[in-house]
Amino acid sequence: MTALELEQVTVRFGSVVAVDALSLSAAEGQITALIGPNGAGKTTTFNACSGLLRPASGRVTLLGEDVSDLGPAARARKGLGRTFQRLELFDSMTVDENVGLGLESGLAGQSWLRCLTGNRKEAVRVAEAVEESLHTCDITDLAGRRAGELSTGQRRLVELARALAGGFPVLLLDEPSSGLDHEETTRFGQILRSVVTGGRSILLVEHDMDLVLSVCDYLHVLDFGVHVFEGTPAEVQASPVVRAAYLGEEVSESA
Amino acid sequence: MNSLLPFIVAGIAQGSVFGLAALGLVVTYKTSGIFNFGHGAVAAVGAYVFYDLRTIHHWPWPVAAAVCLLVLGPLLGVVQERLAAGLAPVRLAMKVVATVGVVLLVAGITSLHYGASSLDFPPFLPQDTVTLLGVRVSAAQLITLVLSVVVAGALFLLFRVTKVGVAMRGVVDDPTLMGLTGVSPVNVRRSAWIIGSTLAVASGILLAPLTGLDTIQLTLLVVQSFGAAAIGRFTSLPLTFAGGLLIGVGENLLVRFSGDITWLALAQPALPFVVLFVVLLLSKPAVIADAGRLRRAVAPSRTPLSPATRRSAMLAALVVAVVLPSLVGVRIQSFASGLVSATIFLSLGLLVWTSGQVSLCHAGFVAVGATTTGHLLGAGVPWVLAVLVAGLVVVPLGLVIAVPAMRLSGIYLALATLGFGVLLQYLFYNRPFMFGQLGQIAVPRPRASWLGIDPSSDTSFYYVTLVAFLLASGVVYGVLRLRLGRLLQALADSPLALATHGAPVNRIRLLVYGVSAFLAGAAGGLSGALSGTASSAAYSYFSSLTLLAVLALYGTKVGVVPALAAGVALSVVPSYLTSIRGEWFTIVFGASAIVAALVSDRSLSLRLSVGARQRLADRRTSSPTRARLVQP
């Protein structure tokens, strides 16, 4: 079974077609990357996956279930978690509160009562999830710090830990390494590998090609909202199509 | 049909003025992001200045009108543009607070200077009638209509032809275009505010002959433009103008059909809000309302007091509260009133500061609580039970307006609640199930004779209010310590993250709304029992505006101390300063609300630096790595 599948998804902003009849899938237990130049439609695709945008047409299937008509919270409760390119942390709260809310948000979605308060069993579950995800991301020492006062690198890890605590089998990570230095990025890659080894699936949007080529199992390449290539890291590196998409970009940049 | 025509004609003339006002509202809202609840107050200023020049100083009316439209309107526009610029970075609730402050400020000043009662505003346009197509039309109506259509037409032309106009239209369609049009955003905004303000002044002058000169009435009348703007979905200018016409005609037809059905006639001022509700219900919901709002700045630290200090401070405060009756003597009644107000502020603060939802109908909730308590007590229900049930009755009532509004952005809730407050006041306050024809209902104090206390004394009722306030504080702190409290805090920081992790954002908002409505309703029972009689005049929709303004004076935290401070400011201080006219308090509340809004969220620089750091970091990592994709 595929973790996440898009079929013929089209997203329009007014008359601009941001994503054009895109079909792609992310296999279970793997890290799949979505790459492409700026403006290729990667984040738009993510937003369509998580329900923040309603595509003009097309279907989104999560773990074999059609979730096209569900809102973001319902999709999360079906098992889809995500992070944001522009960090979305609860800045006024501590790191452990942030991470705990990763799980509590979903618990609150169960009923009116669960939205008001949790029971003892849930409190234990939340505490365990917090401890485990902080450990996985190696930020246990930050637990009592306020999220708003941390560095970007630390904040990226807190956001990942929060998504992990949510227990989502499928994770969308939007440029998780932006703002990280080389060392932090390497460590981040190791954490991602350990996450999929634990049985989860990751769909990743990433600019850092070192990271993408070293941790991903499979890649999809987007250009101007169109799916132009897919394959293993080695195939992508060798592809003239991908080369063209990126070289064009590079020429304009050096000009 | 022929009998309807005069009403339709009058409606079109009146509606064209609503349309003008609404155009001004939409243009300023879209270019600055500030929904101006003070739009009607600006109209009132225009009408008063016109009145002053023409009736008091005997200027010819065309000169007075020219001064108002060419000098006053633009001047007020420039002032408002500065205010709007200062409000740009603050949270939505504070934007509403500031524009509500403008309403209070204007209402206070005009009432102080010209008296509280409505002034006669003689018509200045010729009143001769002509017969057109078998309908008698007054020249004033004709001139008004022609003038409005010409101005609206000129405005459309301006938007088509001039550079600033085209930029403005682009920004009205899509505010994110601001700054991309090649015209300075400051110029676009300033022009928009000048246009908006001048249109408000014009509509004030044109409407005053119909209503008499009275700030509250004028504020309410230009509020009709909210409905018109809603028809235009706060975006389309032609539809907005058409919406104004529609509301004008609708209201005049209501007058025609009301005949002996009094409530239909009363429904007239409520019509625009009925329209607003319908628009809300028909609107496609946002996936996540207000996902893109500015995040709350990180407060530098939590309470600086140690738990021990806090405990002793609380104990000391409690002792003072208990012995207070022997300290202040007969004034204890105003302290009881202060505690009831503080309870209302707890309820309002919980809603506004924790969930970012603004209620402009809290006085309406309190009124329903008071009258329900009165009716239940009249039916022999025990006192405490009556107050609690009154609180419960308000909850579904509150949810009826909150549910449709909540699906859209926060400003719609503020609008819907304002509309609801007005609707409640005009349609239901004088009906038998509320205050009744006389506008008064008995709400006796509890008979606590079994405690051995004089049941009727002010002192014993003061203790009742003290206990009620403590209980309400307990409810608020309790809610904030539960999971709901954490979810609320998270909601203020990032609704987006909360929703994408599976939290039911609207359910969270509804829960806190329900708790707030309950507390307001229960406080209503207490407020009615303060003097033994609840009268409708004490719960006007204008009081809701005052409540919000005073709430904002004591920071953006919900808690016992700010609630008490606000209660004292509203109910205790005025009772000690009886020589000062009430208008001064309205003026001070309004002015300080504007200041409080402007200086709020001071730690903004911190937030910007975090964002800027991240953007810089993004830029650093994103470009060079792309070149490395195709490695040799």
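Modeller: Chain B holds 24 helices and four strands. The model is a predicted one. Of the 632 residues in chain B, 55% are buried.

Colleague: What share of the contacts in chain B with a separation of 6 or more joins residues 24 or more positions apart?

Modeller: Such pairs account for 79% of those contacts.

Colleague: Why is V422(B) called buried?

Modeller: Its relative accessibility is 1%, and buried means under 20%, so V422(B) qualifies. The residue lies in helix α16 (residues 410-428) of chain B. Leaving aside neighbours within four places in sequence, V422(B) is in contact with L220(B), P269(B), F273(B) and Y541(B).

Colleague: How far apart are V422(B) and C361(B), in sequence and in space?

Modeller: They are separated by 61 residues in sequence and by 8.0 Å in space, C-alpha to C-alpha. C361(B) has a relative accessible area of 0%; the limit for buried is under 20%, so C361(B) is buried.

Colleague: What makes T144(B) a buried residue?

Modeller: The relative accessibility of T144(B) is 9%, and the cut-off is under 20%, so T144(B) counts as buried. It sits in helix α5 (residues 139-161) of chain B. Not counting residues up to four places away in sequence, T144(B) touches A13(B), S16(B), V17(B), L125(B) and L206(B).

Colleague: Which residues touch the most other members of the largest nonpolar core?

Modeller: They are F37(B), L360(B) and L548(B), in a core of 197 residues. Helix α20 (residues 505-531) of chain B gives the most to this core, with 15 residues.

Colleague: Why is this core said to lie between domain 1 and domain 2 of chain B?

Modeller: Domain 1 (5-282) and domain 2 (334-601) of chain B both give residues to the core, so it lies between them. Apart from this core lies another, of 49 residues, among them L171(A), L173(A), L219(A) and A245(A).

Colleague: What is F37(B) in contact with, leaving aside its neighbours within four places in sequence?

Modeller: Its contacts are V96(B), T99(B), V100(B), V103(B), F226(B), L360(B), I411(B), A414(B), L415(B) and L418(B).

Colleague: What makes the span of helix α12 of chain B close to the expected one?

Modeller: Helix α12 (residues 307-328) has 22 residues and reaches 31 Å from its first C-alpha to its last, against 32 Å expected at 1.5 Å a residue.

Colleague: Where does α12(B) bend?

Modeller: The bend, of about 45°, is at V322(B), and a proline, P325(B), follows within four residues. Buried in α12(B) are A321(B), L324(B), P325(B) and V328(B). The elements covering the buried residues of α12(B) include α13 (332-355), α17 (458-481) and α22 (560-576) of chain B. Just after the helix, G329(B) takes a positive phi of about 60°.

Colleague: Where does R233(B) lie, and why is R233(B) called partly exposed?

Modeller: R233(B) is in the loop between α8 (215-231) and α9 (237-258) of chain B. Its relative accessibility is 39%, and buried means under 20% while exposed means over 50%, so R233(B) counts as partly exposed. Although not a glycine, R233(B) has a positive phi of about 50°.

Colleague: Why is V595(B) not called exposed?

Modeller: Exposed requires over 50%, and V595(B) has 48% relative accessibility, so V595(B) counts as partly exposed. Its place is in helix α23 (residues 582-599) of chain B. V595(B) and A44(B) are 551 residues apart in sequence and 22 Å apart in space, C-alpha to C-alpha.

Methods: Residues are numbered from 1 along each chain as its sequence is written. Chains are lettered from A and ligands numbered from 1 in the order in which they are written. This is a predicted model: local features need pLDDT of at least 70, side-chain atom pairs count only at pLDDT 80 or more; totals for chains, interfaces and linings use all residues. Side-chain values use heavy atoms; hydrogens and water are left out. Helices (H or I, at least four residues) and strands (E, at least two) are DSSP runs, numbered from the N terminus. The expected span of a helix is 1.5 Å times one less than its number of residues. The bend at a residue is the angle between axes fitted to the seven residues ending there and the seven starting there. Buried means under 20% relative accessible area, exposed over 50%, partly exposed in between (1.4 Å probe, protein chains only). Contact means heavy atoms within 4.5 Å. A nonpolar core is a set of buried Ala, Val, Leu, Ile, Met, Phe, Trp, Tyr and Cys residues joined through side-chain atoms within 4.5 Å. Domain bounds come from an automatic or database domain assignment.
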